[in-house]
Each structure stands twice: as C-alpha cells, then as structure tokens.
Amino acid sequence: MVSSLMGVGMTRPLVSIGLAVWNGEAYLAKAIESILAQTYENIELIILDNRSTDGTSVICSSFAGRDSRVRYILDSEPRDVSQAFMKIMQFVLGEFFMVVGDDDEYEPAYIERLVDLLLKDPGVGLAYSGWGLINPDGSKVSQPRWQPSYKATDSTVCNFSRYLFFREPISICFGVVRTQLHRAALPYYVRPDQLGWNHDNLYILRLLSMARVDYCPDELFYYRLRDRVALYKLRGQYCGPEGTLKPYLNLVRHQISVKRVISAIIYESNFSRIQRGFLWALNQLAFLAYIVRPLAHPKNLYRMMRDAFAA
C-alpha cells in the first residue's frame with residue numbers, strides 16, 4: 001500500500017469534499033459522521049446549504065463548531081445540484097476532490113483506499129469503490145445488480161465506450177478525483193436541457209475521455225434508496241408530464257440533447273481521428289438503444305398507443 005510506503009510525518013495530500021444540501025436533516029448527521037470518521041484525516045468538508053428551511057443549518061453549524069475541517073456556507077440563492085457544485089469549487093483547496101450526498105454513508109477506509117490508488121499511478125485520474133444500498137428501513141445490502149467496472153488496466157477508449165452504453169453513475173460519480181481534472185470536466189456537469197438530467201453521466205464521460213480510472217472492488221460506499229422524484233418535486237425541479245406517451249416523447253427529445261453533448265465530448269477529446277469516428281458511431285447506437293428500450297415492454301407500448309388515440 002502507498003500509505004505504508006510514505007515516511008512517518010509526511011503530509012498526505014488534502015482531499016476536499018463537497019456536500020450540497022437542501023432540507024437534509026433526516027440523514028445529514030450520519031453522512032457527515034461517516035466522513036469525519038475516515039482513517040484518512042487530511043480532509044476539508046465544504047457544506048453548501050441551499051437555503052434550507054429545516055434543521056440543516058443547526059446540524060451543520062454544530063459539526064463546524066466541533067471540527068475545524070468542516071466549513072459551513074449558507075448559499076446566497078436557491079440553485080439546483082449542478083449549479084451548487086459549481087459554487088462549491090470556489091472554496092476547494094485540495095489536490096483531490098470528491099462529492100458526497102447528504103444521505104449516503106462511507107466506510108472509514110473509503111478515502112484512504114482510493115487516494116492510495118491515485119498516488120500509486122499518476123496516470124489515474126479517478127478512483128472509486130464497490131458499493132451497496134441503504135434500504136428505507138436502514139439496513140445495508142450489497143449492490144443489487146451487475147454493472148461493469150472501470151480499471152486502470154483498461155484504455156480510455158475502452159472505458160468510454162463501455163460507459164456510453166451502461167451509464168451507471170453510482171458509485172463512480174462519488175469517487176475521489178484529481179481536482180484539476182474535476183475542474184476540466186465540471187462544465188459538463190449540467191443539464192443538457194430542461195426535459196431531464198444526465199448531468200452526472202455527461203460529467204463521467206468527460207472524465208473518461210481525459211484520464212484512466214481505477215477501481216477498488218471492496219464495498220466501501222452506501223447509497224440510500226429514496227424517492228428521488230418526490231425530492232425533486234419538493235425542490236421545484238421536476239415538471240414531468242403525466243401519462244405515458246408525453247413522457248416518452250420527452251425522453252426521446254432529451255436523449256437527442258444528450259447525444260449531441262456526447263458528440264461534443266468526443267470531438268473535444270484527445271482520441272485519435274479513427275477512435276473519434278468509432279465512438280461517434282457507438283454514440284448513435286447507444287442513442288437508439290436508449291429510446292427503443294422503453295418500447296420493449298408490451299405494457300408500455302400499449303399505454304403509449306392508448307394515450308395517442310385518446311389525445
């Protein structure tokens with residue numbers, strides 16, 4: 001391990017941790033406790049409070065008063081999650097950076113194990129771990145389904161093309177990344193339109209176009225299962241239409257926007273001309289896969305036809 005090779009007394013790189021929160025009092029304390037309990041101690045936790053109206057500010061102020069590594073910032077105006085992380089970067093000082101959710105939890109060795117991977121290989125830009133789920137009853141279970149892993153032994157083209165089809169941001173989006181690389185990819189951490197999100201997938205694709213990734217298979221991160229649509233509605237960030245046909249048409253329009261942004265990422269990359277052409281073709285296939293998949297379920301197809309005739 002890299003940590004055992006570093007001399008006693010040597011200062012390890014600072015890891016900046018960004019936490020954007022809005023009315024997160026239900027699970028916020030547990031999330032912060034799991035970060036402050038990390039075996040890797042050279043961290044700064046930057047909490048941006050998006051004008052919460054519950055007990056969030058009290059919880060954050062309490063932690064900031066007890067631990068000098070915590071910085072609590074009350075935002076000047078409401079903003080969505082992607083805008084919040086743009087704002088957080090104004091305060092980041094660390095060589096490495098990671099995003100945390102206000103309701104997720106981490107094993108104590110999470111940061112140390114991932115930083116070790118980054119220090120071992122300067123060509124690796126992002127490191128992440130295996131993950132599990134926190135059920136509504138608080139129990140923790142292993143990752144529910146198979147998903148591909150992205151390793152340092154794989155090329156950037158291989159990782160990019162694999163992610164292009166699977167697009168599973170958990171838990172790679174919560175890994176530890178080199179701050180300089182994160183800043184370069186951050187312009188893609190935005191919604192491509194107002195019909196959907198996919199900001200996290202676009203951000204990861206931009207990262208994968210610039211650097212290799214490494215993976216720790218141990219289950220060190222836990223993502224909490226919640227009704228995310230209900231949360232977006234509370235924040236006034238969800239306005240999806242009712243029925244089946246209109247949401248599907250919105251999905252198609254949204255995927256067109258996503259495809260265009262991915263094409264821009266491909267052409268901005270340092271891939272060779274042949275590689276860019278290959279990835280462009282894969283992008284077209286992935287687009288078709290994402291708009292055809294909902295039609296593969298007979299019930300969905302029937303409901304769309306029924307809505308079309310009823311319109």
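These legends go with close-up views of a predicted model.

Local features here need pLDDT of at least 70 and side-chain atom pairs count only at pLDDT 80 or more, while totals for chains, interfaces and linings use all residues. Residues are numbered from 1 along each chain as its sequence is written, and side-chain values use heavy atoms, leaving out hydrogens and water.

**View 1. Helix H11 has buried residues lining one face.** Helices (H or I, at least four residues) and strands (E, at least two) are DSSP runs, numbered from the N terminus. H11 has 20 residues and reaches 29 Å from its first C-alpha to its last, close to the 28 Å expected at 1.5 Å a residue; that expected span is 1.5 Å times one less than the number of residues. Buried residues (under 20% relative accessible area; exposed is over 50%, partly exposed in between, with a 1.4 Å probe and protein chains only) in H11 include Leu 279, Leu 282 and Phe 287. Seen down the axis, the buried residues of H11 fall within an arc of 165°, so they line one face of the helix. The arc is taken from the directions from the helix axis to the C-beta atoms. These buried residues pack against H6 and H10, where contact means heavy atoms within 4.5 Å.

**View 2. His 199 is tucked away as a buried residue.** His 199 sits in helix H8 and has a relative accessible area of 5%. Leaving aside neighbours within four places in sequence, His 199 is in contact with Val 81, Ser 82, Tyr 188, Tyr 189, Val 190 and Arg 191.

**View 3. Arg 79 takes part in a network of salt bridges.** A salt bridge is a side-chain nitrogen of Lys or Arg within 4 Å of a carboxyl oxygen of Asp or Glu. Arg 79 pairs with Asp 75, the closest N and O atoms being 2.5 Å apart, and both residues are buried. Arg 79 also bridges to Glu 77, at 3.9 Å between the closest N and O atoms, and Glu 77 is partly exposed.

**View 4. Arg 113 and Asp 218 meet in a salt bridge.** Their N to O distance is 2.6 Å. Arg 113 lies in helix H5 and Asp 218 in strand E9, so the pair ties together parts that are 105 residues apart in sequence.
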